[in-house]
Amino acid sequence: MEYLQFAVKRLVQATIVMFVISLIGFSIQDKLGDPLRELVGQSVSEEVRDELREQMGLNDSFPVQYARFITKAVRLDLGNSYFFKKPALEVIADKFQATMELVIGATLIIVVFSVPVGVFCAINPKSWISRVIMTLSIVGISVPVFLTAIFLIYIFSVELGWMPSFGRGDTISLGGWSTGFLTWDGLHHLVLPSLSLASIMLPLFIRLIRAEMMEVLETDYIRFAWAKGLVRRRVWFLHALKNTLLPVITVGGVQIGTMIAYTILTETVFQWPGMGFVFLEAINRVDTPLIIAYIIVVGLIFVVTNTVVDLIYSLVNPTVRLVGQKP
Amino acid sequence: MALLEVRNLHVEFPLGRKTLQAIHGLSFALDKGERLGIVGESGAGKSVAAFSILKLIAKPGRIAAGEVIFDGRDLAKISDEEMRQIRGNRISMIFQDPMMTLNPVLTVGTQMVECLKAHRDISDAEAKRLAIAKLREVKIPSAEERFENYPHQLSGGMRQRVVIAIALLTDPAVIIADEPTTALDVTIQAEIMGLMLDLCRDHAVALMLITHDLAVVSQVTQKICVLYAGRLAEQGPTRSIITQPKHPYTQGLIKALPQQNEPGARLFQIPGTMPTLDDVPAGCAFHPRCAFADELCRREVPEPRPIGDHRVACHHAEKVASA
Amino acid sequence: MNRIRLFMDSDLVFRFGRDRVAQFSFALFLAFVIAAFAAPLIAPFDPYDPMQIDLMDSEIPPLWQDANTDPRFLFGTDAQGRDLLSTILYGTRISLIIGFCAVALQILIGVSIGLISGYVGGRIDSFFMRLADIQLSLSTLMVAIIASAVFKATFGTEIYGNVAILVLVLVIGIAEWPQYARTVRASVLAERSKEYVDAARVIGLPRWRIMIRHVLPNTLSPILVISTVQIANAIISEAALSFLGLGMPVNKPSLGSLISSGFEFIFSGSWWITVIPSLVLVALILSINLLGDWLRDVLNPRLYKD
């Protein structure tokens with residue numbers, strides 16, 4: 001019951017955020033460019049323009065126009081891209097798959113490496129390996145993603161010629177989702193972009209896990225676990241790790257959103273045909289519907305991941321006190 | 001031979017520029033089934049003493065010198081694995097704050113069963129049966145249900161009962177209880193202390209009770225060690241310490257007990273506060289607060305010496321005792 | 001005098017004296033700041049002055065290369081014939097100005113909201129904290145990219161180039177206030193319950209004055225620690241935006257736009273246009289991050305390091 005209450009509250013908050021994002025999207029449409037010019041060009045007389053304006057409802061009050069925008073938006077209609085001449089959402093949806101595969105690739109790298117390395121550094125804070133890892137991680141944080149991307153290309157594509165430097169390679173279509181994970185060529189193309197996307201998050205997560213775990217190792221319940229005479233493995237990998245990873249999950253959820261932002265950078269360097277790449281092109285072409293579609297889709301991704309992570313977190317973690325719950 | 005004997009224990013914390021002496025030459029012995037109280041203000045080194053017996057001192061603390069003899073073996077010298085087999089098996093520990101002692105993300109049952117399985121070669125079902133029996137023994141109602149609960153579903157008093165049950169699971173020879181009731185509601189403190197006393201008597205478990213509360217110690221224990229600023233002030237049989245204290249600090253503590261005064265009378269207070277470990281005065285650490293202090297006390301640290309059946313670290317113990 | 005002696009005796013100075021990494025990174029950071037702000041004095045050329053740029057000088061390699069070098073250009077020249085050393089010095093200045101100003105703006109907004117939130121409490125407090133939650137859940141870089149993209153599309157490239165510094169400071173500055181606000185708010189709440197606040201009220205001092213005089217000094221060390229990281233992040237964000245073409249224009253380049261403009265030449269062999277500013281950018285950020293890491297270790301007593 002409490003959980004339901006919490007979930008409803010969280011969903012309301014998510015809706016409010018989406019509302020604000022849609023408002024921002026709509027204001028952009030209002031300010032950016034002239035829809036008439038895109039439709040009819042410059043050569044139409046002022047009277048005809050006024051009439052068209054009236055017909056299209058461009059003279060209506062802000063709330064009325066916004067209401068029209070939002071009704072269309074919930075029917076997944078955000079207008080046609082000026083450049084691609086097809087629905088903006090369709091363009092974004094096409095590119096969404098490429099971006100998501102990049103995010104999945106990077107997430108895999110992060111999860112596989114950050115947990116063991118972070119835990120190792122927390123357990124052996126004084127060993128020289130930990131010191132080297134911590135030093136490397138601070139260097140990693142200090143190198144911007146686009147530089148990592150450039151240098152990966154320079155080393156592995158230009159100098160060594162081992163890896164392709166741009167594009168997705170071969171993809172296979174799986175029920176409407178074209179994936180590069182199932183072809184050798186596709187995987188080959190995924191390596192460098194995923195690595196560079198992971199390059200900034202991986203050191204962050206290693207440091208986060210190390211710091212969290214070191215804090216947990218100082219707690220009374222860990223001391224009590226030692227006092228019970230448990231073997232190290234159990235104290236470290238059950239008692240401490242479980243408490244370490246719970247807060248990391250929340251941060252992880254937020255970071256998925258951040259990663260979407262960084263995909264714009266990696267996609268630009270690797271000319272990866274994803275949402276971010278298309279978005280930058282849309283900016284340069286002042287393709288307003290496409291810009292709005294991107295903002296709304298990305299906003300939706302942020303809101304959904306955050307909400308889902310919060311809901312899962314409070315389900316998984318028995319200690320989270322929900323609203324009004326008694327111990 | 002004593003079951004547990006601490007000889008001339010020194011514990012230090014190297015911190016940045018200086019090294020703090022948390023415990024300086026502490027010695028005591030504990031026989032089978034005996035109950036010993038370690039008394040002192042917070043910061044006197046009581047908890048450090050407890051944790052150093054199990055070699056669980058918080059970093060960067062370390063045992064600088066001394067011996068901890070348990071069952072004829074020096075715990076300071078045995079291997080990590082041998083030490084692990086003693087912890088929670090032969091020597092159990094009860095912590096101060098039951099809200100923090102149990103792991104919040106594991107069920108009560110998990111935390112009990114794992115302790116048994118760490119020391120005995122038994123099946124899960126058997127471990128569960130023993131654990132539930134122990135929960136009943138510490139008077140936890142509907143033990144089967146509690147076994148499945150997470151710690152946050154239990155009240156503070158219930159949690160401390162669970163901790164006591166865990167401490168008793170493996171039938172240990174010694175239980176070290178570090179202020180086991182301080183964090184609890186006043187109303188259930190006596191209940192928990194009574195329960196602990198009963199269980200230790202029934203199972204002939206030796207108890208090392210660490211507390212700042214002289215009243216509790218006087219009711220529960222047979223021997224007392226009084227610590228001040230990391231050093232022994234006075235030790236001896238409980239009755240004799242309470243009735244004939246020979247160290248001015250012990251005297252002050254006893255005078256400060258409420259029942260020593262007439263109702264409505266102002267409580268006695270030892271003037272001043274205990275020094276922190278990085279600021280211990282020269283000579284006897286207690287001299288700035290002591291009415292008997294003289295030049296000797298300011299200059300020389302008094303070594304503990306036998307007076308009657310006590311050991312007292314005071315230059316003027318004879319004078320104090322007759323005062 | 002007394003305060004200076006107190007500072008010199010402090011743990012901070014003591015540990016700084018013993019930590020080689022801290023000394024090195026501080027020296028490096030200081031060198032960057034001085035070199036960047038003295039750029040008009042020490043740079044051999046003025047990269048903003050079209051009269052000093054000759055397209056004939058373009059893509060000259062650095063002096064230590066074998067062929068086609070020119071003794072006037074230590075680090076060589078970029079594709080437009082600008083002296084790379086001078087351009088880097090001016091670019092570092094822009095990156096640092098944006099970093100410092102954006103963080104100053106973050107502190108201003110964050111501390112004000114934190115004080116108000118903690119002091120007033122109630123609905124205003126929960127509104128701001130909700131806002132902080134949401135703000136933190138959105139990625140700063142994403143918000144900055146979208147905001148500057150929209151600015152650019154609205155103004156057009158020409159006008160945007162002229163106001164870019166201001167836009168970047170605003171965009172990066174506004175998006176990161178919650179960390180400061182939370183820290184200050186927590187500190188206000190801790191102080192509020194203390195007795196001297198009531199006591200001071202009894203003798204007629206306004207409460208907000210007591211709060212500001214007592215709360216702000218307490219938040220100094222967390223703000224310092226957060227700020228070092230934030231300056232590094234602001235510089236990275238600026239570089240990223242400029243790299244995407246949403247930040248500083250090519251004729252007034254920051255380190256990021258310089259790297260971006262050299263990117264297309266990396267494959268044709270003119271690696272220095274990208275590599276040298278990249279190294280400067282990484283060294284600058286690294287020095288700040290190392291300093292921040294060290295400060296966190298020293299100022300946060302909970303994390304004792306041996």
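**Chain B**

I'm working on a predicted model, where local features need pLDDT of at least 70, side-chain atom pairs count only at pLDDT 80 or more, and totals for chains, interfaces and linings use all residues. For my own bookkeeping, residues are numbered from 1 along each chain as its sequence is written, chains are lettered from A and ligands numbered from 1 in the order in which they are written, and side-chain values use heavy atoms, with hydrogens and water left out.

Next I checked secondary structure, and chain B has 13 helices and 12 strands. These are DSSP runs numbered from the N terminus: H or I of at least four residues for helices, E of at least two for strands. The radius of gyration of chain B is 21 Å, close to the 20 Å from the globule rule for 323 residues, so chain B is as compact as a globular protein of that length. (The radius is taken over C-alpha atoms, and the rule is 2.2 Å times the number of residues to the power 0.38.)

I then noted that 54% of the 323 residues in chain B are buried. Buried means under 20% relative accessible area, exposed over 50%, and partly exposed in between, with a 1.4 Å probe and protein chains only.

**Chain C**

On to chain C, where I found 13 helices and zero strands. Its C-alpha trace spans about 80 × 50 × 30 Å along the principal axes. Of its 306 residues, 50% count as buried. For contacts between residues at least 6 apart in sequence, I got 71% joining residues at least 24 apart in chain C.

**Aromatic rings**

Last, I went through the rings: there are 17 aromatic pairs over all chains. Rings of Phe, Tyr and Trp (its six-membered ring) pair if their centres lie within 6.5 Å; planes under 30 degrees apart are stacked, over 60 edge-to-face, the rest tilted. A:Phe279 and A:Tyr294 have ring centres 4.2 Å apart and planes at 20°, so I logged the pair as stacked. The pair links distant parts of the chain, 15 residues apart: A:Phe279 sits in helix H11 (residues 275-285) and A:Tyr294 in helix H12 (residues 288-316) of chain A. A:Phe279 counts as buried at 1% relative accessibility, and A:Tyr294 is buried at 0%. I also jotted down one aromatic cluster, formed by A:Phe19, A:Phe26, A:Tyr66 and A:Phe69.

Definitions and conventions. Contact = heavy atoms within 4.5 Å.
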